Amino acid sequence: MAPGPCVHAASATYRYDPVHSQIVFSIDHDGFSRPLGRLHIAHGWLRFDPDDWSGAATELDLDMTGVDLGDAAWNAAACQPSLLDCKAYPIAHFASTSVERKDATHGVLHGVLSLHGIHRPIDIAFRVNRIGTTIYGMHTVAGFSATASLDRTAFGINGFPHAIGHDVALWLELEGIRDSQTSTADNPTHGKEHP
């Protein structure tokens, strides 16, 4: 990442901020549209040094029971055994295995996604947006934007094959709060900033 006045040129560990992090997905609905849904981060961490990406790593858990398609009935349908089976598989887990730096701010995160009881490799293209202190000076934050895609059938999610597409597009907007400055990053109701 290009150095700047807000950059911390040392490796640090961050906890994902669930208030300011969002994961949005899109999937084809019978050729009519590609509705959007949202997943919530239950908890997770990342390690990142803007000057040396070789030791970068992350793990995060997604709360599949909180899948949000904008309609309660639709949310419940997505959680049924024929699709996400949220009761049997309430958490999806991602763990990185390596990072590939492309330029000063772009890279590809390689890792394994555990979803619906199946583990598959996945690549996540990302951009480092900013690492610095928030406007209120309470926290040091690392911010990233990322994209990925997956085939739901590769994870055994096979329901409604003629009405729901196989390819799922993912967009991730992520913020992590530096661990050394707060022990409450996983608790958004304590010591958080707005907006």
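Q: Buried means under 20% relative accessible area, exposed means over 50%, and partly exposed is in between (1.4 Å probe, protein chains only). How much of this chain counts as buried?
A: Of its 195 residues, 42% count as buried. Keep in mind that this is a predicted model, where local features need pLDDT of at least 70 and side-chain atom pairs count only at pLDDT 80 or more, while totals for chains, interfaces and linings use all residues. Residues are numbered from 1 along each chain as its sequence is written, and side-chain values use heavy atoms, with hydrogens and water left out.

Q: Got it. What is the chain built from?
A: There are 9 strands and 1 helix. These are DSSP runs numbered from the N terminus, with helices (H or I) of at least four residues and strands (E) of at least two.

Q: And in what order do the elements run?
A: Starting at the N terminus, the order is β-β-β-β-α-β-β-β-β-β.

Q: New topic: how many salt bridges does the count come to?
A: The count comes to 2. A salt bridge here is a side-chain nitrogen of Lys or Arg within 4 Å of a carboxyl oxygen of Asp or Glu.

Q: Which side chain does aspartate 179 meet in one of them?
A: Aspartate 179 meets arginine 15, at 3.3 Å from N to O. This pair links distant parts of the chain: arginine 15 is in strand E1 (residues 12-16), aspartate 179 is in the segment after E9, and the two are 164 residues apart.

Q: Why does aspartate 179 count as partly exposed?
A: Because its relative accessibility is 28%. Arginine 15 is partly exposed as well, with a relative accessible area of 29%.

Q: What about lysine 102, which residue is in a salt bridge with it?
A: That is glutamate 100, and the closest N and O atoms of the two are 2.8 Å apart. Lysine 102 counts as exposed because its relative accessibility is 52%. Glutamate 100, with a relative accessible area of 33%, is partly exposed.

Q: Let's look at the backbone. What is phi of aspartate 30 near?
A: It is near 55 degrees, which is a positive value in a residue other than glycine. You can find aspartate 30 in the loop between strand E2 (22-29) and strand E3 (36-48). At 41% relative accessibility, aspartate 30 counts as partly exposed.

Q: And histidine 116, where does that one lie?
A: Look in the loop between strand E6 (106-115) and E7. Histidine 116 is not a glycine, yet its phi is positive, at about 60 degrees.

Q: Is histidine 116 buried or exposed?
A: Histidine 116 is buried, because its relative accessible area is 13%.

Q: Last one: where is alanine 163?
A: Follow the chain to the loop between E8 and strand E9 (164-178). Alanine 163 counts as partly exposed, since its relative accessibility is 31%.

Q: How far apart in space are alanine 163 and aspartate 28?
A: From C-alpha to C-alpha they are 8.1 Å apart, while in sequence 135 residues separate them.
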